[in-house]
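Here's a quick briefing to read with the model open beside you. Take it topic by topic and look up each piece as it comes along.

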Number of protein chains: 2
Amino acid sequence: MNQEYSGSGDPARSLELLWRRRPKPTRGPKPALTVDQIVTAALRVADTDGLAAMSMRRVADDLGVGAMTLYRYFPGKGELLDVMLDTVYGELPRRDVPGEWRAKLDEVARENRELYLRHPWMLQVAISRPPLGPNVMAKYEWELGAVEGIGLSDVEMDATVALVNGYVHGAVRTAVEAHKVILRSGMTDKEWWLAHVPHLDQISDLAKFPLAARVGTAVGSEFDAPYDVDHAFEYGLGRLLDGVSALVVNRSAPEG
Amino acid sequence: MNQEYSGSGDPARSLELLWRRRPKPTRGPKPALTVDQIVTAALRVADTDGLAAMSMRRVADDLGVGAMTLYRYFPGKGELLDVMLDTVYGELPRRDVPGEWRAKLDEVARENRELYLRHPWMLQVAISRPPLGPNVMAKYEWELGAVEGIGLSDVEMDATVALVNGYVHGAVRTAVEAHKVILRSGMTDKEWWLAHVPHLDQISDLAKFPLAARVGTAVGSEFDAPYDVDHAFEYGLGRLLDGVSALVVNRSAPEG
DNA sequence: GTCAACTGCGTACACTGTACGAAGTATAGC
DNA sequence: GCTATACTTCGTACAGTGTACGCAGTTGAC
């Protein structure tokens, strides 16, 4: 499976694609496709068969054109990924939760989680710099709104949003990988652990790792139900927001 | 660039490789290589030229053998990656910091960070299930030791360690990607932002995203020095440990 | 009518992991 | 010492990948 890279070519060309501001050509044959058609087809492939299946040839095949045709619309695969990302970010409801910052940040985390679960291929795209399309901009604006006016500096606001997003990314990726490996191997975590323990114990006395043996067994026994994946997510998010809370409280009472 | 997958084949064979417990063959020609030699060569390639360059052919070339020779020692690339991972985990100093759990968890985070920075290719390996080699076991044992005896359940201990490790993984990956993209594009974040803003403002009124424009500019202006990357790491880690602290304090005084 | 701009796309290149099978070598058992 | 067998190295082949290049056909501007 591939970890793809979002594009970092000519800014003007990228923004043109993201905002669909490409000037229509006057001469020459009418283009047979549109950017939207290609993005839709690519998203269909990625959603159903995963990012690894989303090759230029496969997307072109699904559209009934030759592979090289796509390069008339996108400079390369990276730019196509950029537009795919911006497009799915448009699915975020971006609800404005009433109340204090914590409820808002919580909503940010949950909506992002839902989005990742709906489009797991997103987790495999390394975004070095965000594609500045309409939906990415709106997402960032909405996320910053959750922590605006609570006493954080601009840089701290960005760091906080990035912290939450980073957490959600990592947590969902772990959960999705865990699920995929169960499908691939046909073994649950418990079965996997139980298949290894006898060999491991024979090769090297497990008593040398008492905590690992105890906790590993406890985790293996309890983490078979999907409930526990949700539970792990809630646990981490709770800790994270508690941590942000400690900072915010500090800022509200700067005498500390 | 590839995101590689660690192997999930036959447990007995994998453990044999990780612990170097392969029974020596009696008949036939003497093997020209050892597992350690191959792992060392593979690590050299990955460390210097990145994970994408670490192909079976390249490693074999560096060893002066044919590509298929490696398959006499490893079932596949995934298993080679497993042994590489376990090997580099052996570089962790695993210092026992005196004092309370927070200092110990802090040390866990910092040592893991150092390791990722020394072997950035680790960030691209999707570990669905950890390779249960000697160093991975020792690492897990050491990490659990940081949160043992402070009132958490076994599952909570595992979740806490996973939370810290997940944070470090995400934070370092972001920092490393940011650094790589600067080298690739020849632009700092600030330059990149300043190259996009004019086009962006022309395409769509930036005033529609007031927070994003304000914070984006602030972040772009301030985050050019390496100091700030460290600062972001410290900020996130501080928040995280604060959050864990809130839970631990709660457990110490169960009347809450 | 001509030309330039534009379209789709076939072919080619340098890669990847690894299945298969051929050819050579060292040893266990006699 | 001979042979069968287990074991080695490794060349070739296959089905993929992104995309550079260039050709052929189509359209609107002049």
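When two helices are said to pack at an angle, their axes are lines fitted to C-alpha atoms, over the stretch in contact, and the angle runs from 0 to 180 degrees between N-to-C directions. Helices here are DSSP runs of H or I with at least four residues, while strands are E runs of at least two, and both are numbered from the N terminus. Keep in mind that this is a predicted model, where local features need pLDDT of at least 70, side-chain atom pairs count only at pLDDT 80 or more, and totals for chains, interfaces and linings use all residues. Residues are numbered from 1 along each chain as its sequence is written, and chains are lettered from A and ligands numbered from 1 in the order in which they are written.

**How the two chains are related**

- Turn chain A by 180 degrees, shift it 0.0 Å along the axis, and it lands on chain B with an RMSD of 0.0 Å; that's the relation of a two-fold axis.
- The superposition is by least squares on the C-alpha atoms of residues with pLDDT of at least 70 in both copies.
- Which residue of chain A comes closest to the rotation axis? Look for Gly243(A), whose C-alpha is 2.0 Å away from it.

**Where chain A meets chain B**

- Contact means that the C-beta atoms of two residues, placed from the backbone, lie within 7 Å.
- By that rule, 65 residues of chain A are in contact with 65 residues of chain B.
- Six helices of chain A, H1 (11–18), H6 (134–146), H7 (154–185), H8 (189–203), H9 (210–222) and H10 (226–252), each supply at least two residues of the side that touches chain B.
- H7(A) gives the most to that side, with 18 residues.
- Sorted by class, the side of chain A that touches chain B has 36 nonpolar, 16 polar and 13 charged residues.
- The classes go like this: Ala, Val, Leu, Ile, Met, Phe, Trp, Tyr, Cys and Pro are nonpolar, Asp, Glu, Lys and Arg are charged, and the others, Gly among them, are polar.
- The copies meet through the same surface, because 100% of the interface residues of chain A are also interface residues in chain B.

**H7 against H7**

- H7(A) and H7(B) (residues 154–185) pack at about 115 degrees, with their axes 9 Å apart.
- H7(A) passes H7(B) in a right-handed crossing; a crossing is right-handed if the near helix is turned clockwise from the far one by less than a right angle, and left-handed if anticlockwise.
- On the H7(A) side you'll find Gly166(A), Tyr167(A), His169(A), Gly170(A), Ala171(A) and Thr174(A), which meet Gly166(B), Tyr167(B), His169(B), Gly170(B), Ala171(B) and Thr174(B) in H7(B).
- This contact has 4 nonpolar, 8 polar and no charged residues.

- H2(A) (residues 35–49) and H3(A) (residues 56–63) pack at about 115 degrees, with axes 9 Å apart.
- H2(A) and H3(A) are therefore roughly perpendicular to each other (65 to 115 degrees counts as that, under 35 as roughly parallel, over 145 as roughly antiparallel and the rest as oblique).
- The residues making the contact are Gln37(A), Ile38(A), Ala41(A), Ala42(A) and Val45(A) from H2(A), plus Arg58(A), Val59(A), Asp62(A) and Leu63(A) from H3(A).

**Around the DNA**

- A residue is near a strand if its C-beta atom, placed from the backbone, lies within 6 Å of it.
- DNA strand C is surrounded by 25 residues, and the closest are Gly28(A), Val65(A), Gly66(A), Met68(A) and Ser55(B).
- H3(B) (residues 56–63) provides the largest share of the surface near DNA strand C, 3 residues.
- DNA strand D also has 25 residues around it, with Ser55(A), Gly28(B), Val65(B), Gly66(B) and Met68(B) coming nearest.
- For DNA strand D, the largest share of the nearby surface, 3 residues, comes from H3(A).
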